[in-house]
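Hello,

Here is the structure for you to open. My notes follow below it.

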Amino acid sequence: MNTAYATLVAADTVRFERILPGPVERVWAFLTESDKRAQWLAAGEMELREGGSVELVFRNSELTANDDPPPEKYARYGAESRMHGRIIACEPPRLLAYTWDGTSEVRFELSAQGDEVRLLLTHTRLPDREQMLSVAGGWHTHLDILVDRLDGRMSPGFWTTHTRLEAEYAQRIP
């Protein structure tokens, strides 16, 4: 079962669930290999061991075609932006967790379900509602692009989609 919207599982935590075309090793590659991750989230190297470094090189405006420019509050993310973190847990090809932007943590859990893969993405330690809305809209948009890439489809514009979803999360998250 795909749950389109994030669920609020704690005051500082959102969780997404997606069912993806498998196998697990293919999805793991899209989480961990720079060239594949660049197609839906961000390029950058990861040292796949506990304590290893993570570099995410975002180019959100290049993820999709026919997009709007980023909203003013995200203008600095229209071009390349970088984020660094540390691996908290790494159990290939089932679990990957790392620090996110110095304050929060993201965790990916993969499990095979026949020919498909259940992805659970949990983002914790979000400091405030503004970050919660940004993260929920961002992950939702990025995960939709991942699903499209794995299914061989084109995605609608990143910023157009993110702007719409962030507004929807503003109505959904108290």
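**Salt bridges**

The structure holds 13 salt bridges. A salt bridge is a side-chain nitrogen of Lys or Arg within 4 Å of a carboxyl oxygen of Asp or Glu. This is a predicted model: local features need pLDDT of at least 70, side-chain atom pairs count only at pLDDT 80 or more, and totals for chains, interfaces and linings use all residues. Residues are numbered from 1 along each chain as its sequence is written, and side-chain values use heavy atoms, with hydrogens and water left out.

Start with R82. R82 forms a salt bridge with E55, and their closest N and O atoms are 2.6 Å apart. This pair links distant parts of the chain: R82 sits in strand β4 and E55 in strand β3 (residues 53-58), 27 residues apart. Strands (E, at least two residues) and helices (H or I, at least four) are DSSP runs, numbered from the N terminus.

R82 also meets E80 in a salt bridge (3.0 Å, N to O). R82 counts as partly exposed because its relative accessibility is 47%. The cut-offs are these: buried is under 20% relative accessible area, exposed is over 50%, and partly exposed is in between (1.4 Å probe, protein chains only). E80 is partly exposed too, at 37%, and E55 is partly exposed at 21%.

Another salt bridge joins D148 and R153 (2.8 Å, N to O). Is D148 buried or exposed? D148 is buried, at 10%, while R153 is partly exposed, at 41%.

**Strand β2**

Why is β2 (residues 13-21) largely enclosed by the rest of the structure? Seven of its nine residues are buried, so the strand is largely enclosed. β2 runs antiparallel to strand β7 (residues 116-124), and eight bridges join the two. Two strands pair if DSSP finds at least two bridges between them. P21 has E116 of β7 as its bridge partner.

**The largest pocket**

A pocket is an open set of points on a 1 Å grid over the protein atoms alone, where a 1.4 Å probe fits, with protein on both sides within 12 Å along at least five of seven lines; lining residues have an atom within 4 Å of a point. The largest pocket has a volume of about 620 Å³, counted as the space filled by probe spheres set on the points. Its lining has 24 residues, and Y74, Y77, W100, Q131 and S134 lie nearest the centre. Helix α3 gives the most to this lining, with seven residues.

Best wishes
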